[in-house]
Amino acid sequence: MAKPVIVTVDDDPGVSRAVARDLRRRYAESYRVLRAESGPQALEALRELKLRGDDTAVLVADHRMPDMTGVEFLEEAMDLYPFARRVLLTAYADTDAAIRAINVVDLDHYLLKPWDPPEEKFYPVIDAQLEAWRRTDRRRPGELRVVGHRWSERSYQVRDFLARNQVPYTWLLDTAPEAVELLKAAGDPELPLVVTADGTTLSAPTDTELAAVVGLTTAPGADFYDLVVVGGGPAGLGAAVYGASEGLNTVLIERHASGGQAGQSSRIENYLGFPDGVSGAQLADRARRQAVRFGAELITTGEVTGIAAHGRARVVTQADGTTVAAHAVILATGVSYRRLDAPGLDDLVGRGVYYGAATAETPSCAGEEVYVVGGANSAGQAAVNLAKVARRVHILIRGEGLERSMSHYLIEQIAGIANIEVHPNTVVTGGRGDDRLERLVLAGPDGERTVHTHWLFVFIGAEPGTDWLDGVVERDEHGFVLTGPDLVTDGRRPADWEPNRQPYHLETSMPGVFAAGDVRAGSMKRVASAVGDGAMAVALVHRYLEQA
């Protein structure tokens, strides 16, 4: 940690140097002494210290300064460092003004000039102020701070992005004292405000800006690779690990965060090798680090919008217009949860309505009535996790029971948790709320009813989001990518398909382009099978390259 700071401000250069000299002589080992010659100059220095996350212990200001008096300076400095001890330097004639300042800025002490010898008249005062400051209960800010409105969709998205990319941060409501100080120091920016450890500020940043400032890679390091993997879920991470470990120059392009839907799972208990279970975030982080160790490049906030064949090369185009070429491509874009078609909910996304686990919101559900929509494993895992803090968790499903789509071990767990209630044959037909979700309208066996809640987590259906592949590779009626044996007619293959060539098991209708994981038609929609797809796709890429 950086040393705490002692700030001294005096418009007389001689006095200013003398104060700083005496302070450094005694306190330089444990404190950094910062000298300024005007109130505005000192305030600017304090703003920079605040943005960097440095703490200030004592403020020593001369009373008579032309542009800003010492009292005026200390009054403004209080907004930035309310816990800093405040000392006013005065001449004998100004003692009355100093006494009045005690009531204006809660002055801790005033010192008469001159203070020689400092061992008798100066150091005992500063020693006492430093001791009082050290005893003060001050919350140390985190390395990265995010200031935002509690029910802002973009504030939620920023927190979700950081959490899913394993970036530690401190979340501050815009009304909290520390948040008010940061906003003032940054000039009242648009929310959410992100402040890094070195004082860099980002006002309402995009994901790309956020990724760059926290050290995530946002652009490929080369123009051509052996293998481009599109998507960073279990299938994509598996492909990156196996591709890089087997000598392929590999780059993975992910739009949001490593792990995909699985990365949001609070606990995966049926994955091989983890008898006590593992969280999706932990599994994704281990796979990401493993891929990087083998030499794969991992790109975050890259959005692939097109793919084309240029001779034997396969070229992917990103939303910003940049292109990356490779000998082969693996599509591992996964799926996203389908939106609930119910009036009022779209306006409340990120403000009580969440698609996926939204783990950053779990602590806020303490003591609340929480609703989970969906009957598959992701919904069950989320319900079990939320039940640890919520007063009651309600699982809403269309069918008669959970047996059709949820693993047996998870059904048994839910049955044994007293504060989880399953509501069969029940759907959400509407939502209401002003600045946040307040009520849900449910339709069930007994008709329609309204429930009061601030929390709805949705895990329904699976949409592959493959419209960008229209006319490029063949897909089924739901948008899932067709591969291998499913390409049963020559009419589904492009004109440049080699005569009499049979596609490999995971190969799409474009030679050299493979699909793995949930985006592939007929996949099992399980973490283990997705990882297996990624590994198999790499083996087929090797075979394809050998025959190219």
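# A walk through the predicted chain

The axes of helix α2 (residues 39-52) and helix α8 come within 9 Å and cross at roughly 125 degrees, where axes are lines fitted to C-alpha atoms, for helices over the stretch in contact, and angles run from 0 to 180 degrees between N-to-C directions. Helices (H or I, at least four residues) and strands (E, at least two) are DSSP runs, numbered from the N terminus. The two helices α2 and α8 are therefore oblique to each other, a word that covers the angles left over when those under 35 degrees count as roughly parallel, those over 145 as roughly antiparallel and those from 65 to 115 as roughly perpendicular. In passing α8, helix α2 makes a left-handed crossing, the term for a near helix turned anticlockwise from the far one by less than a right angle, with right-handed used if the turn is clockwise. Arg47, Lys50 and Leu51 of α2 make the contact with Glu181, Leu182 and Ala185 of α8, contact being defined as heavy atoms within 4.5 Å. By class, three residues of this contact are nonpolar, none is polar and three are charged; Ala, Val, Leu, Ile, Met, Phe, Trp, Tyr, Cys and Pro count as nonpolar, Asp, Glu, Lys and Arg as charged, and the others, Gly among them, as polar.

The model is predicted, and local features need pLDDT of at least 70, while side-chain atom pairs count only at pLDDT 80 or more and totals for chains, interfaces and linings use all residues. Residues are numbered from 1 along each chain as its sequence is written, and side-chain values use heavy atoms, with hydrogens and water left out.

Taken as a whole, the chain has 14 helices and 24 strands, and its C-alpha atoms fill a box of roughly 100 × 60 × 40 Å along the principal axes. Of the 548 residues in the chain, 52% are buried, where buried means under 20% relative accessible area, exposed over 50% and partly exposed in between, with a 1.4 Å probe and protein chains only. Among contacts between residues at least 6 apart in sequence, 64% join residues at least 24 apart.

Side chains of opposite charge can pair when their charged atoms come close. A salt bridge is counted here when a side-chain nitrogen of Lys or Arg lies within 4 Å of a carboxyl oxygen of Asp or Glu, and by this rule there are 23 salt bridges. In one of them Arg145 pairs with Glu178, with 3.6 Å between the closest N and O atoms. Because Arg145 lies in strand β6 (residues 145-148) and Glu178 in helix α8 (residues 177-185), this pair ties together parts that are 33 residues apart in sequence. Arg145 is buried at a relative accessible area of 2%, and Glu178 is buried as well, at 12% relative accessibility.

Another salt bridge joins the side chains of Asp285 and Arg288, at 2.6 Å from N to O. Asp285 and Arg288 are three residues apart in helix α11 (residues 280-293), so about one helical turn separates them. Asp285 is buried, with a relative accessible area of 16%, whereas Arg288 is partly exposed at 29%. Glu438 and Arg439 likewise meet through their side chains in a salt bridge of 3.4 Å, N to O, and here Glu438 is partly exposed at 23% relative accessibility, as is Arg439 at 30%.

Ile397 sits in the loop between β18 (392-396) and α13 (408-415) and is buried, with a relative accessible area of 5%. Leaving aside neighbours within four places in sequence, the residues in contact with Ile397 are Gly374, Gly375, Leu402, Val422, His423, Pro424, Asn425 and Thr426. For Thr426, the separation from Ile397 is 29 residues in sequence and 5.6 Å in space, C-alpha to C-alpha.

The peptide bond from Leu191 to Pro192 is cis, with omega near 0 degrees, and Pro192 lies in the loop between α8 and β8 (193-195). Ala204, although not a glycine, has a positive phi of about 45 degrees; Ala204 belongs to the loop between β9 (201-203) and α9 (207-213) and is partly exposed at 23% relative accessibility. Thr301 also has a positive phi, near 65 degrees, in a residue other than glycine. Thr301 lies in the loop between β12 (297-300) and β13 (304-310) and counts as buried at 15% relative accessibility.
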